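Here is a walk through one protein model. Keep the sequence and the structure in view as you read.

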Amino acid sequence: MRDLRSEILENKKLAEGIYRMTLETPKSEFTRPGQFAMVEVPDKFLRRPISVSSYDSSRYTLIYKVVGEGTDIMSRMEPGDYVKGITGLGNGYDLDKIPDGAYLIGGGIGIPPMLGLLKAMVMAGKSCKVVLGYNSADEMFMLEDFEHFSDDITVMTADGSYGQKGFVTDAFDKCEYACACGPLPMLRALDHKVERGQFSLEARMGCGFGACMGCSIRTVDGSQRVCKEGPVFDKEVLRWESL
């Protein structure tokens, strides 16, 4: 975990309200897919937690959705601008736990971390099935990036304007193991169809590294912090009634 000044190389609109920001940094600090960065936004006190879609030793890419003033400011930044970000935060996906044939499931702005995990699976020689969920064809993004690494991809759209009509939970009956990232209702629905897996949670965060305790949740192992012990948890430890 390091707080580093990074140069924006790209800040491109991918779909309505969705942007891709690629940054160059002295050292990215990321070690696992599913980790995140806390990005400093000009004139805003709190940083924004944003998941990382891909990274190497000196670059990382953020996919973010404009949902308020902070991310709106980010969307207007240009290549050559600099931002400060604490990188390498959180507990990502544990590749050693993921068996061959696992499902990688992303919904909405939870899709980007699945790309990093897919790359890691391919590099490890592990097979997987990818399920991506969007509201409509107009809101789709990153599909070509996934197609570069896999030909076993199911696309679901809520209105049926692309791929199959329905939600990610409609893409299969049951599965033994899945890694997922997306809105909480999606994860709740998946819990009934997935035997084991790793789910990434979203939460409001103050510090991003476990000091403020503001993102704590109750699990079967007691209170845990989404920013520190998470955002990726074994789904078996989650207490859905408290989320």
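The centres of domain 2 and domain 3, taken over C-alpha atoms, lie 23 Å apart. Five residues of domain 2 and four residues of domain 3 make the contact (heavy atoms within 4.5 Å). The domain assignment of the chain lists domain 1 (3-89), domain 2 (95-200) and domain 3 (203-234); such bounds come from an automatic or database assignment.

This is a predicted model: local features need pLDDT of at least 70, side-chain atom pairs count only at pLDDT 80 or more, and totals for chains, interfaces and linings use all residues. Residues are numbered from 1 along each chain as its sequence is written, and side-chain values use heavy atoms, with hydrogens and water left out.

Interface size is often given as the accessible area lost when the parts come together. Domain 2 and domain 3 bury about 390 Å² between them (accessible area lost on being put together, 1.4 Å probe, summed over both parts). Carbon and sulfur atoms carry 37% of that area. On the domain 2 side, Gln198, Phe199 and Ser200 supply 68% of the area buried against domain 3, more than any other three residues.

What holds charge against charge here? One salt bridge crosses the interface of domain 2 and domain 3 (a side-chain nitrogen of Lys or Arg within 4 Å of a carboxyl oxygen of Asp or Glu). Lys97 forms a salt bridge with Asp234, and their closest N and O atoms are 2.8 Å apart.

Now the cysteines. A disulfide is a covalent bond between the sulfur atoms of two cysteines. The count of disulfides is zero (cysteine sulfur atoms within 2.5 Å). The sulfur of Cys207 is 3.8 Å from the closest cysteine sulfur, in Cys212, so it is too far for a bond. For Cys181 the closest cysteine sulfur is in Cys179, 11 Å away, also too far for a bond. Cys181 is buried at 6% relative accessibility (under 20% is buried, over 50% exposed, partly exposed in between; 1.4 Å probe, protein chains only). Cys207 is buried too, at 14%.

How values were computed: Buried area is the accessible area (1.4 Å probe) that two parts lose on being put together, summed over both.
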